[in-house]
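Student: I am new to this structure and would like a close look at one part of it. Please start with a single spot and lead me on from there.

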Amino acid sequence: MNVGILLVGMAGLDGAGGAERFYADLFDAYNSQPAPKRKLFFISDDFKPLKELGRLSSFSNKQLIFKSYRYSFFYSFTKNRPRIDHQMNFVRAFFTRMSLLKQLRKHNIKAIQMPVYIDLDFYLVKLLDILPKSKRPKLILNLTNATVQNHYFDGNPSFAYHSKLNYGRLFEQIKLDAVLTWYKAFKEFALKEKVIKSNPPIYCVNTRFTSTAFFEDFSNRDNKVIFSGRFSQYKDPLFFIKAVELVYKLMPNHGWKFEMYGKGPLEGEAREYIAEHHLESLILLSHTPDVPSILRRSKVYVSTQNVENFPSLAMAEAMACCNLIIARNVGQTNYYVKDNVNGYILEQDTPENLAEILIKIIQDPLRIEQMGKESIKLLKEVHNPQNFIKEIDEFWDSIK
């Protein structure tokens, strides 16, 4: 069964887009095998955001472009007129489906996998779902959103993307043939609450991988601690900032630097807190599309995510660059962080405990390199392309 990875309407991926970047890496790794089990295609209306990051440089014959009409047919006029816009969205999706189906049929693609879903995709997915059985592709959702189970029934508009407002029509009106998810918590939630009406098989992965090149050289490292990721409530950048503030109060002459890379809705709040507490000389706030170049010079990576750390692409990049990892004890964090082996998992979920661990490693710097190399060992032995490809091939094989 040939499979197509479907991504529609990719926005800029500078400082974000973990799912998009991972699937571009999977596409390359899968097709680089000497004898792939099936043909894997990457399908999109716009490859530019990934190509700007240096992804999708190989296997151009398996990169399929189609025309999306999502913002065509008087969209600027209808977008604020819900009744007309609802009707026009079906028209737009109909023409989009025609363009997409040409590629599916030409390359005999029998299943499409969606790593990212937004409610705007519903009309296109619905029109694929109602195709005759002989023409209908298998519809696979890869649930890469770590907080759906926390906010699905939440009416707060700020959580709309994680809630029923985004996923409700997909779960209730589409016959999903299978769901692949990174998160055991989502599978448990979906089965308990029966939110997906088609009751598809839900498979949780046990491995992941990163394409970031391993970098073990410790000869030219700075005494730096890095935070990277979207400045959002989920990533909780203020947790990190408050811990750094405590480190300075308890150990003012430590000589270490703390740097944060990313963008997002909490960036303004983070900058305001840093200014109000006079931390400008201690914490650098910046952003870059090339975080690994920063991590090859740092020694410690901190994740303050408050729901899940597996399979954080940012954390995997830090592991590949031989950084010691510190993380909160949430979700399946232990898949990536083996406490006291390649890093530390917080015992108390507080900035104070994070500050204690940071002071501990600053006072015992000789262990950092050793623990960083354990991060690379874990990636080489467990979280590698071969193991993940084996898992996902078995998943695709199981779809009836």
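Tutor: We will start at a threonine in a loop, follow its contacts to a cysteine, and then visit some other places.

This is a predicted model, in which local features need pLDDT of at least 70 and side-chain atom pairs count only at pLDDT 80 or more, while totals for chains, interfaces and linings use all residues. Residues are numbered from 1 along each chain as its sequence is written, and side-chain values use heavy atoms, with hydrogens and water left out.

Let us begin with Thr 212. You will find Thr 212 in the loop that runs between β7 (202-204) and β8 (224-228). Here, helices (H or I, at least four residues) and strands (E, at least two) are DSSP runs, numbered from the N terminus. With a relative accessible area of 12%, Thr 212 is buried; that word stands for under 20% relative accessible area, exposed for over 50%, and partly exposed for what is in between (1.4 Å probe, protein chains only). The side chain of Thr 212 makes a polar contact of 3.0 Å with that of Thr 210. A polar contact is a pair of N or O atoms within 3.5 Å; within protein, one must be able to donate a hydrogen and the other to accept it, and residues adjacent in sequence count only if both atoms are side-chain atoms. If we set aside residues up to four places away in sequence, Thr 212 touches Pro 292, Glu 317, Ala 320 and Cys 321, where contact means heavy atoms within 4.5 Å.

That list takes us to Cys 321, which is buried at a relative accessible area of 0%. Cys 322, in turn, is in no disulfide, and Cys 322 is buried with a relative accessible area of 0%.

Next comes a glutamine. Gln 149 sits in helix α6 (residues 148-151) and is buried, its relative accessible area being 17%. A polar contact of 3.4 Å links the side chain of Gln 149 to that of Asn 150. Apart from neighbours within four places in sequence, Gln 149 is in contact with Ala 185, Phe 186, Phe 189 and Val 307.

Now for a loop residue, Lys 194, placed between α8 (184-193) and β7. Lys 194 counts as exposed, at 60% relative accessibility. The phi of Lys 194 is near 55°, a positive value in a residue other than glycine. His 278 also has a positive phi, near 55°, and lies in the loop between α10 (267-276) and β10 (283-286). His 278 is exposed, with a relative accessible area of 65%. As background, most residues other than glycine have a negative phi, and most peptide bonds are trans. The peptide bond joining Phe 310 and Pro 311 is cis, with omega about 0°, and Pro 311 belongs to the loop between β11 (300-303) and α12 (313-320).

We finish with a pair of helices. The axes of α5 (residues 122-129) and α7 (residues 164-173) come within 11 Å and cross at roughly 5°; axes are lines fitted to C-alpha atoms, for helices over the stretch in contact, and angles run from 0 to 180 degrees between N-to-C directions. The pair α5 and α7 is therefore roughly parallel, given that angles under 35 degrees count as roughly parallel, over 145 as roughly antiparallel, 65 to 115 as roughly perpendicular and the rest as oblique. Their contact is formed by Phe 122, Tyr 123, Val 125, Lys 126 and Asp 129 of α5 with Arg 169, Leu 170 and Gln 173 of α7.

Terms used: A disulfide is a pair of cysteine sulfur atoms within 2.5 Å.
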